[in-house]
Amino acid sequence: MAQAARVAGAAHGGAPRCWRHERPRDRPRPRRLTEWERRTDVPLLVASLLYLAGYAVRVLVPPRTEPWSDAALVLIGVTWFLFALDYGVRLRLSGLGRRFVRVHWLDTLVLVLPPLRPLRVVQLLTRVQLHRERPRLSLYGRVMAYAGTSALVLGFTASLAVYQQERDAPGSTIRTFGDSVWWACATLTTVGYGDAVPVTPLGRVIAAALMACGLALLGAVTGSFSSWLVQVFARQDGTRPPGSR
């Protein structure tokens with residue numbers, strides 16, 4: 001009887017409920033996970049900024065400069081532990097098991113790859129806005145604000161990472177942090193003067209990633225601004241009196 005009911009259900013309503021597999025993103029978010037994210041958004045945002053500050057000190061301050069070098073290393077370790085703790089708690093509360101790693105691939109990359117951890121600033125700013133009942137900015141404003149914040153964070157982080165790799169490399173044209181910032185600005189804006197270029201393998205990998213991010217951010221800002229202009233002009237045309245065109 002049970003088997004016949006399953007077959008009949010499949011004939012009339014598709015696969016039986018016990019056979020259906022919901023996609024992870026189609027499931028409602030667990031209440032405990034939402035509450036955890038709401039409570040930890042601001043502390044983790046502060047931790048991300050502290051991590052970025054510690055990383056900057058480690059790169060810019062001369063080696064073996066006491067106590068700044070050791071303090072920055074401790075700060076980086078503590079903030080990474082907080083990120084790992086948050087990742088583990090969210091993995092457990094999500095109920096997704098191993099699929100959490102695939103569904104939240106950006107969180108996984110940010111946790112595993114140190115140069116990407118400052119991206120938590122942009123990610124957490126997005127989550128803070130999403131948890132507000134009424135976001136302060138419109139959709140177009142949020143897109144442009146996030147793109148601008150992403151450009152600043154990516155540019156500064158890439159400048160630090162490339163400077164760390166290139167400053168002592170033979171034949172490098174990036175010898176100072178100012179050279180690295182100039183290179184990051186030229187790369188993000190897709191200008192590419194070519195007067196300062198990475199020569200180390202890891203520096204070139206960072207450069208390729210920054211080029212792709214620069215194109216994506218430029219496209220997001222351009223598309224959002226164009227859509228906003230079209231909406232403004234359409235609104236103006238709709239408010240004009242008949243026969244005034």
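Analyst: Helices here are DSSP runs of H or I with at least four residues, numbered from the N terminus. The structure is a predicted model, and every value below is computed from it.

User: Which helix gives the most to the lining of the second largest pocket?

Analyst: The helices that each supply at least two residues of this lining are α7 (139–166), α8 (177–188) and α9 (201–239). The lining holds 16 residues, and those nearest the centre of the pocket are A151, C185, L188, T189 and L217. With seven residues, the helix that gives the most to the lining is α7.

User: How do the residues of that lining divide into nonpolar, polar and charged?

Analyst: The second largest pocket holds about 240 Å³ of space, and 16 residues line it. By residue class, the lining of this pocket divides into no charged residues, five polar and eleven nonpolar.

User: What distance does α8 reach from its first C-alpha to its last?

Analyst: α8 has twelve residues, and at 1.5 Å a residue the expected reach is 16 Å. Along this helix F177, S180, W183, A184, A186, T187 and L188 are buried, while the helix is followed by T190, whose phi is positive, near 60 degrees. Close to what is expected, the distance from the first C-alpha of α8 to its last is 16 Å.

User: Does H104 count as buried or exposed, and why?

Analyst: H104 lies in the loop between α4 (99–103) and α5 (105–112). Leaving aside neighbours within four places in sequence, H104 is in contact with R90 and L96. Buried means under 20% relative accessible area. Because its relative accessibility is 16%, H104 counts as buried.

User: What share of the contacts in the chain with a separation of 6 or more is accounted for by residues 24 or more positions apart?

Analyst: A contact requires heavy atoms within 4.5 Å. Among the contacts with a separation of 6 or more, the share that residues 24 or more positions apart account for is 60%.

User: What part of the accessible surface of the chain belongs to carbon and sulfur atoms?

Analyst: Of the 245 residues of the chain, 32% count as buried. The accessible surface of the chain comes to about 15700 Å², and the part that belongs to carbon and sulfur atoms is 65%.

Methods
Residues numbered from 1 in each chain as written. Predicted model: local features only at pLDDT ≥ 70, side-chain atom pairs only at ≥ 80, totals over all residues. Heavy atoms only, no water. 1 Å grid on protein atoms, 1.4 Å probe; cavity = no way out; pocket = protein on both sides within 12 Å on 5 of 7 lines; lining within 4 Å. Points joined across faces, edges and corners; volume = space filled by probe spheres on them. Nonpolar A, V, L, I, M, F, W, Y, C, P; charged D, E, K, R; others polar. Buried < 20%, exposed > 50% of the residue type's maximum accessible area, 1.4 Å probe, protein only. Areas by Shrake-Rupley, 256 points an atom, 1.4 Å probe, with all protein chains shown as cover. Expected span 1.5 Å × (residues − 1).
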